[in-house]
Each structure stands twice: as C-alpha cells, then as structure tokens.
Amino acid sequence: MKLQFITHFTDRYSYFDSARMALEGGCRWIQLRMKDASPEELEYEARRVQALCREYGATFIIDDHVELVKKLEADGVHLGKNDMPIAEARKILGNDFIIGGTANTFEDVQMHYAAGANYIGCGPFRFTTTKKNLSPVLGLEGYRNILNRMKEADIQLPVVAIGGITYEDIPEIMQTGVSGIALSGTILRADNPVEETRRILGLLPE
Ligand SMILES: Cc1ncc(COP(=O)(O)OP(=O)(O)O)c(N)n1
Ligand SMILES: Cc1ncsc1CCOP(=O)(O)O
Ligand SMILES: [Mg+2]
C-alpha cells in the first residue's frame, strides 16, 4: 500500500470514474473524498466505489465521515484537524478499522500516534488547488525533519506524503523515508490516467 488515490471531480471525470481509473491502473488504496456533497449523494457514491474496490481487492477509505464508514463497513476513515478527533473515532469504530490522520507538524504526528491512528497523511508537499485552506507547505526538508523527530521519539507509523505531488517528485520524496504517496490531481490531469497510475506505481517498490 504505497499509493493512495484521492478521488476528485473534474470537468472530464466523476468521482466514480476517478476511482475506477486508479484501480484499473493498479492502485489498491482508494480514498473517497467528496467535499460539499449531500449525505445522500455521498452515501450513494460511497456504496458504488466500495463495490468497485471490493472487485479489485482494494482498500476503501472514506474522508471525514466516521458514521458512514461504520454503516457501510468501509475499511477506514481519514480525519484532519477539523474532523472528529481520532480517539473518539477509535471508540466508535474499534480496532478493526483503519484510521488515518492529517499532520503538518511533528506535534500533529505525536498527537495522532497517541490517539491510535494507523497512518499519517503528511502535507502539503507543495501548493495544490485540490484542497482549500492548506497548511504551510513542507517541501522535502519538512518531511526529513518530521521523520527524524519520529525516529528520535521511536514513533513507528506509516507516513504518506500528500499535496501537489507529481511523478517527477516521487523518487526524492520516497528518499526522505516516507512509506508512500497520496495523490489526485497529477493522475487526473494526465492524458491517460490509467497509464499514469501504472507509471507512478512503477516508481514505488512493492
Ligand atoms: C492521505 C490524506 N492526507 C491528508 C488529508 C487531508 O485531510 P483533512 O486535513 O481532513 O482535509 P480534507 O481532505 O478533509 O479536506 C487527506 N484527506 N488524506
Ligand atoms: C486532500 C489533501 N490534503 C492535503 S493536500 C490534499 C490534496 C491532494 O491532492 P493533489 O494530489 O491533487 O494535490
Ligand atoms: Mg477532513
């Protein structure tokens, strides 16, 4: 699980299409992220994307919505600082669900580790239009710093880099010691998103 694809709606593709193309290209970790969708629309899409993920044997994460994750028995949820606290989500979901937490600093990582997160989405690596109200950009140095401090504190948790990442960035980002990459725009802007997913996976060792 080195590549998490974050769904996005574009002029060309629906949320569902975006997930389908990433899966066709070999990605096996999908996050359904639908900001501003109604609860009905979100649940409808979540059920469709979940069924598709099951066909491909992929892990299915839903952004923000703990109760929906429980209701649909999705694989997990991703939570940031304006979402339900991870400790509370862990109480609701128990230990059989994956909980990811967003970090922009080492202190965020420490907090999520103590609360029982399973992985960290760390970013943004650089500016991106996919998300509003971005935290400060980390760049390569930001990842090196956070990962060093995690090592010193003996915090062992997979860290996934996110935010404005392109194919060209991936080798250097992986060299900082992160476990994987989460992305959206660079795949959806490609002429052929299925091929682009394959090309990106080629950079990420099994
Ligand atoms: C893998 C991953 N990392 C970070 C985020 C951002 O979550 P959050 O800070 O809650 O912002 P929104 O995505 O909810 O706008 C993420 N979704 N996934
Ligand atoms: C959800 C999220 N959180 C921080 S950046 C980001 C968006 C990632 O998408 P992209 O790869 O298009 O920048
Ligand atoms: Mg969120």
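Student: In which loop is D36 found?

Tutor: This is a predicted model, so local features are considered only where pLDDT is at least 70. D36 has a positive phi of about 70 degrees although it is not a glycine. As to its place in the chain, D36 is found in the loop between β2 (29–32) and α2 (39–56).

Student: Which peptide bond is cis, and where does P124 lie?

Tutor: The bond from G123 to P124 is cis, with omega near 5 degrees. Its proline, P124, belongs to the loop between β6 (119–122) and α6 (139–152).

Student: How much of the accessible area of ligand 1 does the protein cover?

Tutor: Consider the polar side chains that approach ligand 1. A polar side-chain atom of Q31 lies 2.9 Å from a nitrogen atom of the ligand, while an N or O atom in the side chain of D64 is 3.0 Å from an oxygen atom of ligand 1. D83 likewise places a polar side-chain atom 2.9 Å from an oxygen atom of ligand 1. Of the 420 Å² of accessible area that ligand 1 has on its own, the protein covers 92%.

Student: Which residues surround ligand 2?

Tutor: The shell around ligand 2 divides into two nonpolar, six polar and two charged residues. Its members are R33, T128, T130, K131, I162, G163, G164, L183, S184 and G185.

Student: What share of the area of ligand 2 does the protein bury?

Tutor: An N or O atom in the side chain of T130 is 2.5 Å from an oxygen atom of ligand 2. Backbone N or O atoms also approach oxygen atoms of ligand 2: one of G164 at 2.7 Å, and one of G185 at 2.8 Å. Taken alone, ligand 2 exposes 370 Å². The protein buries 92% of that.

Student: In which pocket are ligand 1 and ligand 2 placed?

Tutor: A molecule sits in a pocket if more than half of its atoms lie within 2 Å of the grid points of that pocket. Ligand 1 sits in the largest pocket. The space taken by ligand 2 is likewise the largest pocket.

Student: In which strand does D63 lie?

Tutor: D63 is among the residues that the UniProt record lists for the "binding site". The strand that holds D63 covers residues 59–63 and is β3.

Student: How far apart are the end C-alpha atoms of residues 5–186?

Tutor: For this span, the unreviewed UniProt entry gives "domain: Thiamine phosphate synthase/TenI". Residues 5–186 are 41% helix and 18% strand. The distance between the end C-alpha atoms of the span is 10 Å.

Conventions: Residues are numbered from 1 along each chain as its sequence is written. Chains are lettered from A and ligands numbered from 1 in the order in which they are written. This is a predicted model: local features need pLDDT of at least 70, side-chain atom pairs count only at pLDDT 80 or more; totals for chains, interfaces and linings use all residues. Side-chain values use heavy atoms; hydrogens and water are left out. A polar contact is a pair of N or O atoms within 3.5 Å; within protein, one must be able to donate a hydrogen and the other to accept it, and residues adjacent in sequence count only if both atoms are side-chain atoms. Accessible areas come from the Shrake-Rupley method with a 1.4 Å probe; for residues, only the protein chains shown count as cover. On a 1 Å grid over the protein atoms alone, a cavity is a set of points where a 1.4 Å probe fits but cannot get out, and a pocket is an open set with protein on both sides within 12 Å along at least five of seven lines; lining residues have an atom within 4 Å of a point. UniProt positions are given in the numbering used here, feature names are shortened, and annotations may be inferred rather than shown by experiment. Helices (H or I, at least four residues) and strands (E, at least two) are DSSP runs, numbered from the N terminus. A residue is near a molecule or strand if one of its heavy atoms lies within 4 Å of it. Ala, Val, Leu, Ile, Met, Phe, Trp, Tyr, Cys and Pro count as nonpolar, Asp, Glu, Lys and Arg as charged, and the others, Gly among them, as polar.
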